[in-house]
Amino acid sequence: MIPRTVAVVGGGTIASSLTLALARHGVRVRLVPASPAGAGAGADADADAGTGTGAPDRPADLAVLAVPPSRVATVLADCRRLGVAEAYTDTTGVDATAERDAADGHATDSADATDSDYLAGHPLTDFAGPDASAGLFEGRPWVLAPTPATSRETLNRVLGLTALCGAVPVVMDHASHGAAMARTAHAPRLLAALLAARFHPPQPHLLRLTEPDLRGLLRPADLDPELWGDLLRGNAAAVAAVLREVSADLDVLLAALEGVDSPDAAHREQSGKQLAHLLEQGRDGYAAVAAHHDGRAGGVR
């Protein structure tokens, strides 16, 4: 089902880009503040652009919660109470029903029929700044993480949303999504932040020797600490698991680097092999990522 009316709750680049992407397909978009309880119904409608602000006069086909992960459950509850939409999704992939159950002291493995109108979503975008773009989602993966309670109608509405945005839907469960994000985004950003911290405070004699490649390597460290602290708290166990793997490799690497200077020839040889093996693994891993993005490899994007 292609939604014809969509409420975008929250703000930022994702919300603005989503509004632009939907408006170009004639979808009537209603912009709702992250605290929808304070919004007046039907305020500031713009009939020409098909957009408006405030809570809708009647439930939208779908509401997209573009809010920080820690606020998804609360904002979802507020929107449901106000009847903002007939179905809901978010842009962080947070299992809002589990967050709500945890806050209420309920079990998180039971499928509550009242959650049939909700599906966690996560558009994986690649942008370097705050500028919104209608094409931000084109060709990019959009993870959908339904629970057993999510209705087929809700899933179809969110699939319709991804189609309008030109995204590639990828359906997976929450645990798999968390593990994937830990490996592909969260842990790499943390490691980049740790490396970038070696340049603070600034040391001019070091900065003069840096190359553009280093800037690219450290770019993931240019993040919003508050937002990323929120994201990491929501996926801490999965991120810790990846970093433990990296920590084990670092132990091997340190031992190898110390061993290549050993007076014992056999130890030097063995350490050299370990060092070469780690470098080969890194090269092969990079080759797999590069081949995928160059279009030479299959698999789910």
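# Reading helix α4 and its surroundings

L18, A21 and L22 of α1 meet L161, L164 and C165 of α4. By class, that contact holds 6 nonpolar, no polar and no charged residues.

User: What kind of model is this, and how are residues numbered?

Analyst: The model is predicted: local features need pLDDT of at least 70, side-chain atom pairs count only at pLDDT 80 or more, and totals for chains, interfaces and linings use all residues. Numbering starts from 1 along each chain as its sequence is written, and side-chain values use heavy atoms, with hydrogens and water left out.

User: How do α1 and α4 cross?

Analyst: Two packed helices are described by the angle between their axes and the distance between the axes. Axes are lines fitted to C-alpha atoms, for helices over the stretch in contact; angles run from 0 to 180 degrees between N-to-C directions. Here the axes come within 8 Å and cross at roughly 85°. The two helices are therefore roughly perpendicular (65 to 115 degrees; under 35 is roughly parallel, over 145 roughly antiparallel, the rest oblique).

User: What span does α4 have, and what follows the helix?

Analyst: The expected span is 1.5 Å times one less than the number of residues. Helix α4 covers residues 152–165, 14 residues in total. From first C-alpha to last, α4 reaches 20 Å, close to the 20 Å expected. Next comes G166, with a positive phi near 75°.

User: Which residues of α4 are buried, and what do they pack against?

Analyst: Buried means under 20% relative accessible area, exposed over 50%, partly exposed in between (1.4 Å probe, protein chains only). The buried residues of α4 include T154, L155, R157 and V158. They also include G160, L161, T162, L164 and C165. The buried residues of α4 pack against α1 (13–23), β4 (62–66), β5 (88–90), β6 (118–123), β7 (141–145) and β8 (168–171). Of the protein's 301 residues, 37% count as buried.

User: Where is the cis peptide bond?

Analyst: The bond runs from H200 to P201, with omega near 0°. P201 sits in the loop between α5 (174–196) and α6 (204–207).

Key
Helix = DSSP H or I, 4+ residues; strand = E, 2+ residues; numbered from the N terminus. Contact = heavy atoms within 4.5 Å. Nonpolar A, V, L, I, M, F, W, Y, C, P; charged D, E, K, R; others polar.
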